[in-house]
Amino acid sequence: MKTIDIEDLPWQELTRSADELFAELFPVCRSLTGEGVRQTLRRLAGVTPFELREVPSGTACFDWVVPDEWNIKGAYIKNSRGETIVDFARNNVHVVSYSVPVNTTMSFAELDPHLHYLPNLPQAIPYRTSYYNRDWGFCLSHDQYVTLDKEDTYRVVIDASLSPGSLTYGEAFIPGDSGKEFLVSTYCCHPSLANDNLSGPILWTLLLKVLRSRKTRHSYRFIIIPEKIGALAYLSHHEQAMKKVYGGFVITTVAGPGEPGYKGSFQGDHLVDRAVRQAFVDADKAYVAYPFDINGSDETQYSSPHFRIPTGTITKDKYYEYDYYHTSLDDLDFVKAAYLIDTLKMYLLTIENLELDLTYRSLNPCGSPMLGKRGLYPKVGGQIRQKAAAPAHASGVSQA
């Protein structure tokens, strides 16, 4: 019996929900920690409940430590005439994530090393971070940068705080009775970037909503975390449980206009990989196959030598592969709820393949079962594989 009937799901409702979440959550400034992450997780938990957890700043996570909590109220650069050149309120990608507070006036020569732009994509604002290095910076388009007066002075303000707090993550568990557990992970630490990475948390939430309304054979552990440090924090606090996870998925970049793709697990032919490949066959969809690469998302942490969880990623415009990656052009015009729903269907088909993957065990393992008493063996023996026997005799039918 099928766990998930794809044709039976309320696709219009799911598409409408994805649209609403994109519109509501895109403006929120998210980072590794802070109120933007909590606001996002609370809104997603309103779609389908999951638990929110906090890990205090300073907590050791293997070779890493949870950083101080970062929150930002505003930031801008103004020229000597009081004109605003760059404004966090217009686009939260303008500020390097985890920038320390700044409130000063400086020359262009002093400001310039703190500016980030992309000459090869002159209209885009790049996304940059400084998580583990106490520094600050602004991101702007190259078109903006070339208009700056190198002889002018600039008022620079970043109204932010870095202080002991906590890292926030969400989790939910769907129990099954097969003895196998699969991980479904996504990350929630990027500001206003739509495909990478807001699409991942939205699909994760809708997938959790659909699965928890079904009876599943396998268990599914859903976690939504800040990338890397969140995965490490979760692994370090759930070490024994995570070592038993059979396989999993990292959900990210799932709503772009490009071709679907699949980044395989480090094994390459694990059950997770086979289930995904069969899902694309079932859907009659072509896809781009990406081999496993440690340069990626949290599959790097889950697949590390101590845990070795085979982890794959179904995508639609995979990270690294599209021009707008980690720029302000990865916006709500680039993604569509319908694209996200297409990827959701592929994840559901994949999970259905996992659910239907069965190994049959003989009830009579101590020798051959008796076929005759089950009507599966001829009543007259001796003629099976006898070359001289006529077809009629070979079938066990006697002649008059």
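Y154 touches I77, K78, N79, I85, T104, T105, M106, F108, L111, L148 and D149, leaving aside residues up to four places away in sequence. The model is a predicted one. Y154 belongs to strand 9, residues 153–163, and counts as buried because its relative accessibility is 2%.

**Buried residues and their surroundings**

- I85, one of the residues that Y154 touches, is 69 residues from Y154 along the chain, and the C-alpha atoms of the two are separated by 9.3 Å.
- I223 is placed in strand 12, which spans residues 219–225.
- With a relative accessibility of 0%, I223 counts as buried.
- Not counting residues up to four places away in sequence, I223 touches G170, E171, L183, V184, S185, T186, W204, Y234 and Y302.
- I223 and S31 are 192 residues apart along the chain, and their C-alpha atoms are separated by 17 Å.
- Q301 lies in helix 9, residues 299–302, and counts as buried at 13% relative accessibility, since buried means under 20%.
- Apart from its neighbours within four places in sequence, Q301 is in contact with K228, A231, L232, L235 and F307.

**Crossing of helix 8 and helix 10**

- Two packed helices are described by the angle between their axes and the distance between the axes.
- The axes of helix 8 (residues 271–282) and helix 10 (residues 337–356) come within 8 Å, crossing at roughly 120°.
- Helix 8 is therefore oblique to helix 10; the range from 65 to 115 degrees would count as roughly perpendicular, and angles over 145 as roughly antiparallel.
- The crossing in which helix 8 passes helix 10 is right-handed.
- On the helix 8 side, the contact is made by L271, V272, A275, V276, Q278, A279, F280 and D282, and on the helix 10 side by M346, L349, T350, N353 and L354.

**Crossing of helix 1 and helix 5**

- Helix 1 (residues 11–25) and helix 5 have axes that come within 10 Å and cross at roughly 140°.
- Helix 1 and helix 5 are therefore oblique to each other.
- Helix 1 passes helix 5 in a crossing that is right-handed.
- Helix 1 contributes E13, L14, S17, A18, L21, F22 and L25 to the contact, while helix 5 contributes A194, L198, S199, I202, L206, K209 and V210.
- The contact of helix 1 with helix 5 divides into 10 nonpolar, two polar and two charged residues.

**Cysteines**

- A disulfide is a covalent bond between the sulfur atoms of two cysteines.
- The structure holds zero disulfides.
- For C29, the closest cysteine sulfur is in C189 and lies 11 Å away, which is too far for a bond, the cut-off for a disulfide being 2.5 Å between sulfur atoms.
- C139 likewise takes part in no disulfide, and the nearest cysteine sulfur to C139, that of C29, is 11 Å away.
- C139 counts as buried because its relative accessibility is 0%.

**Backbone exceptions**

- Most residues other than glycine have a negative phi, and most peptide bonds are trans.
- D196 and N197 are joined by a cis peptide bond, with omega about 25°.
- N197 is located in helix 5, residues 194–211.
- T253 is not a glycine, yet its phi is positive at about 45°.
- T253 sits in the loop between strand 13 (247–251) and strand 14 (260–263).
- The relative accessibility of T253 is 0%, so T253 counts as buried.
- R308, a residue other than glycine, also has a positive phi, near 50°.
- R308 is found in the loop between helix 9 and strand 16 (311–316).
- With a relative accessible area of 41%, R308 is partly exposed.

Key:
Residues numbered from 1 in each chain as written. Predicted model: local features only at pLDDT ≥ 70, side-chain atom pairs only at ≥ 80, totals over all residues. Heavy atoms only, no water. Axes fitted to C-alpha atoms, helices over the stretch in contact; angles between N-to-C directions. Helix = DSSP H or I, 4+ residues; strand = E, 2+ residues; numbered from the N terminus. Parallel < 35°, antiparallel > 145°, perpendicular 65-115°, else oblique. Left-handed = near helix turned anticlockwise from the far one by under 90°. Contact = heavy atoms within 4.5 Å. Buried < 20%, exposed > 50% of the residue type's maximum accessible area, 1.4 Å probe, protein only. Nonpolar A, V, L, I, M, F, W, Y, C, P; charged D, E, K, R; others polar.
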